[in-house]
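Thank you all for coming.

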Amino acid sequence: MESAALHPASPDTALKEVVLRTEGLTKRFGALTAVDDLNLEVRRGDIYGLLGLNGAGKTTTIRMIVRLIAPTSGRVLAFGEDVRENSLAVLNRIGAMVEIPQFYPYLTGKKNLELLYGLSGGTDSARVDECLALVGLEDRGGDRVRGYSQGMRQRLGLAQALLTKPELIILDEPTNGLDPQGIIDIRQLIQRLNRDFGVTFLISSHLLHEIELTCNRVAIVHHGKLRVQDNVRRMLEHAKALARVRAEPFEEAEKVFALRKVHVVGMQDRAFRLKCGPEALVDIAAALHAAGCKIWELTPGRETLEEIFLAETGRKRHA
Amino acid sequence: MMSRVGRLVRFEMAKLFRQKLPYVVLFPIVASILLVMVRGLDVQGEAVADPRIRNGFEYLETSCLWALRLVSVFAVVIASLSLSGEASQGTYRMILVRPVTRTDVFISKALVIAVVVIVLFIATALLSYLMLHLVHGFWRDGSYLSPLNEGRYTLMGEEVLSDPNRAKEVLAADFRLAMTLSILPLLASGFFGLLISSIFDNTGAAVGLAMFLAIALYGFATVDRQAGKYVFSHSLEYGLTVAKHRAEGYSDRKWEDEEIQRTWMVPLLSGVVFLGAAYGIFVKRDILT
């Protein structure tokens, strides 16, 4: 797992394979440092998850990437070019949806898309219809946005990000306001565009499960700082061994763990999460049995992404 | 850059004409022209037996003055909505993530304001002139405006009001000059609204402050006439007021080169300052909404 400190900027020779890179990106609002020396690296073909609690600096980072706000220091390189210095060439290749998408309420969904597509030089209304169909709004494109639910606006926001067939799509909380089926649809659409067309995605979210299911690489941001940046699979493979033990009475079980100096990470569904590998579990089971505890569950395992996230952000999970 | 600005102008126009506001605003402008002209007809009707025969050009100037005051209010409102509206709706997030620069967006917004003001200005002038003909029968023999054609004059007490030497063509030239002098103050009003709009994310605050300041400046210019000459919106009054007085027959009322120059320069310089300041604020600010 790469830590922020162990993740120096790559040499320029590596720029070609990096689609998006932030270098020492920092944003201060008065005394508040919203983003602090952030070094992200999104590679071509990634579905890159930007994880963080509310207020961690995810949206501020995305706003700096699409130059809605200016960094206090640092820079953003997309396709090897500085976004602020060569914004037109860069933004031609990027589609973005920042926060809850807002449209002109007095226009239809389709008209909104046509106008926005026109700004990018697009004239083909068939492409607008295609994007509406991709997000499941083909039947509602003729309705005014005023009557759209938040989920429909979210879908329309995704459609506008797809219009120009961008190489990199940046989505800020794309599943906000969607129903469970909508979340699945969007996840599948992202995966399909990535698999079939090689589109790279940067997705910010606080929904750990979604990130785990959708992304191949992830960064955890806390208080504006990068805590972890790695491949999701490798992150889970290298995760600390954590066993799940459900034994009663609890007090007796806790005494056994204390005596054997087994670290209790937390509780989950009335079960202890213990920092120990499968080998140690055999001894723990024997000790619990000797102390008269009933053992209902004894499962070796590893930290989940959620536990890694909570550990990195200094939170503990409780039952 | 031209093609990007062109696309943005089309974008802005498409949005503008799909809103109710422009059509709602047209109503009072047209109504003010009609009201003044129709009222003029009534007075003219009574005036057949009244020695105070009034001149149709007086109504033309009056109707244009009222209509252009409304246009200037509309220019302030629409301009103060233009940037703040995008910010408050959060639609900048859709526009600025596309391959357009903030300079493109700003130029297109300013151009659209200018185009709308000019279109309303031309429409006001044409409609007023048309109404002058329709209501006052300007082209017919025996029209109520025959004094101008026939050298008759108007009396108010002992005073001669209509100048028998001031022909219809002269008054028409006065009208054209007066209208030409009005265009820059109107544009300056629009750019003043744009400046206020660049500061605020909230449309209510932007429109409210822009209107308050515009009215306060107008009030100041009315109270302190000497200093008021340097208020951009006050210049709107000069040309039409002089033309009206001349149409009324005040033979001592002349066009003054110094005033004409000021009527050009004050709104021109004000407009440039407003545009420059609005641009500076807009390109530097963070879009946080």
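Two residues are taken to be in contact when their C-beta atoms, placed from the backbone, lie within 7 Å. With that in hand, and remembering that this is a predicted model, we can turn to chain B, where, among contacts between residues at least 6 apart in sequence, 81% join residues at least 24 apart. Chain B has 11 helices and two strands, running from the N terminus as α-α-α-α-α-α-β-β-α-α-α-α-α, and 48% of its 289 residues count as buried.

Within that chain, let me pick out helix H10(B), residues 235-248, and helix H11(B), residues 257-284, whose axes come within 9 Å and cross at roughly 150°. Because of that angle, H10(B) is roughly antiparallel to H11(B), and the crossing is left-handed. On the H10(B) side the contact involves Ser235(B), Tyr238(B) and Gly239(B), which meet Glu259(B), Thr263(B), Val266(B) and Pro267(B) of H11(B); by class, that makes three nonpolar, three polar and one charged residues.

Turning to chain A, we find an open sheet of four strands in the order S14-S15-S13-S16, with antiparallel pairing. Strands S14 (264-268) and S16 (294-299) of chain A stand at the edges with a single partner strand each, so one side of each has no neighbour in the sheet. From one strand to the next, the twist averages 25°. Strands S13(A) and S15(A) are joined by three bridges, and Arg244(A) has Arg273(A) in S15(A) as its bridge partner. Finally, helix H10(A), residues 278-290, lies across S13 and S16 of chain A and runs at about 170° to S16(A).

Technical notes. Residues are numbered from 1 along each chain as its sequence is written. Chains are lettered from A and ligands numbered from 1 in the order in which they are written. This is a predicted model: local features need pLDDT of at least 70, side-chain atom pairs count only at pLDDT 80 or more; totals for chains, interfaces and linings use all residues. Axes are lines fitted to C-alpha atoms, for helices over the stretch in contact, and angles run from 0 to 180 degrees between N-to-C directions. Angles under 35 degrees count as roughly parallel, over 145 as roughly antiparallel, 65 to 115 as roughly perpendicular and the rest as oblique. A crossing is left-handed if the near helix is turned anticlockwise from the far one by less than a right angle, and right-handed if clockwise. Ala, Val, Leu, Ile, Met, Phe, Trp, Tyr, Cys and Pro count as nonpolar, Asp, Glu, Lys and Arg as charged, and the others, Gly among them, as polar. A residue is buried if 20 or more other C-beta atoms lie within 10 Å of its own, exposed if 12 or fewer, and partly exposed in between; C-beta atoms are placed from the backbone. Two strands pair if DSSP finds at least two bridges between them.
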